[in-house]
Amino acid sequence: MNYLVGVTLLWAFSFSLIGVYLAGQVDAYFSVLTRIILASLVFLPFLTWRGLRPGFILRLMELGGTQLGLMYLFYYHSFLLLSVPEVLIFTIFTPLYVTALYDLMERRFNPRFLWGALLAVAGAAVIRFDGLTESYLLGFLVVQGANLCFALGQVGYKVMIEREAAPPAQHQVFGWFYLGALTVALPAWWLLGEPRYPSTGLQWGILLWLGVGASGLGYFMWNKGATRVSSGVLAIMNNALIPAGLVVNLLLWNKETDLTRLLLGGAVMALSLRVCRPANRAPY
């Protein structure tokens, strides 16, 4: 749980940095590629293949390509179809995908986790809902593609590690996860990217931080934390970024935030965590 809380705080700051200093100024595909390259470099010194099955390595690369590579492609394309508030409101369904995918992979159904995920969605909707435009169906489907990729990656990693009789040290194999993401990000930038690169030292510094911190340490800690909590708690934490990100934005950049909705939605999400938390003692 501590891993997930730490990454939530880390990503809450990262989202604000992207919105203020990079969005609309630096090509999104170049930003994604740079982040993944830097994240890969962080874990290359620890990378090993000794004692690993080829299928295990390929699976890790598939998960990285899905959770980072494909997810980013869907996510950035959604901004071409939707307004920012619409993108935000449509991301709140991720907890439902996490619980559903985990139950499907484990061939079980836990209604407590489903109710907790529904509460998390409701709480996030209270915080984020700002109205919708008339034509948003295609954009909705694109965002759901991003949500599914992010959920599939973390749930798939959780299940894969849990099924290993003797799991390897995660920091020694996670580099394969980023190399898998690189196989998606590199051709995407080559085919879809535009020549808009960082023009200031600050922008390069932010990209360095996002690559090493948010992407490198962040995804490693998030997926490792996913293996140590129940699927219900993992689902709830996927929406904890919403109030955390708004608080950071409010404190650092004085963005207008409806504090009443923030507190009310946060209370609902806290309740959802309480619904799922007792199950954290379960062996799975």
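Mentor: Let's start with a term: a polar contact is a pair of N or O atoms within 3.5 Å, where one must be able to donate a hydrogen and the other to accept it. In this predicted model, the side chain of Asp 27 gets to 3.2 Å from the backbone nitrogen of Glu 194.

Trainee: Where does Asp 27 lie?

Mentor: In the loop that links helix 1 (2-22) to helix 2. Asp 27 also caps the N-terminal end of helix 2, with a side-chain oxygen 3.4 Å from the backbone nitrogen of Tyr 29.

Trainee: How do I read helix 2 itself, then?

Mentor: Check its span against expectation. Helix 2 (residues 28-43) covers 23 Å from first C-alpha to last, close to the expected 22 Å. Then look at burial: 13 of its 16 residues are buried, so helix 2 is largely enclosed by the rest of the structure.

Trainee: Which residues touch the most other members of the largest nonpolar core?

Mentor: That core has 62 residues, and the ones touching the most other members include Trp 11, Leu 60 and Phe 174. Helix 2 is among the helices that each supply at least two residues of this core, and so are helix 1 and helix 8 (170-192). Phe 174 has Phe 43, Tyr 157 and Tyr 219 among its contacts.

Terms used
Residues are numbered from 1 along each chain as its sequence is written. This is a predicted model: local features need pLDDT of at least 70, side-chain atom pairs count only at pLDDT 80 or more; totals for chains, interfaces and linings use all residues. Side-chain values use heavy atoms; hydrogens and water are left out. Helices (H or I, at least four residues) and strands (E, at least two) are DSSP runs, numbered from the N terminus. The expected span of a helix is 1.5 Å times one less than its number of residues. Buried means under 20% relative accessible area, exposed over 50%, partly exposed in between (1.4 Å probe, protein chains only). A nonpolar core is a set of buried Ala, Val, Leu, Ile, Met, Phe, Trp, Tyr and Cys residues joined through side-chain atoms within 4.5 Å. Contact means heavy atoms within 4.5 Å. Lists of a residue's contacts leave out its neighbours within four places in sequence.
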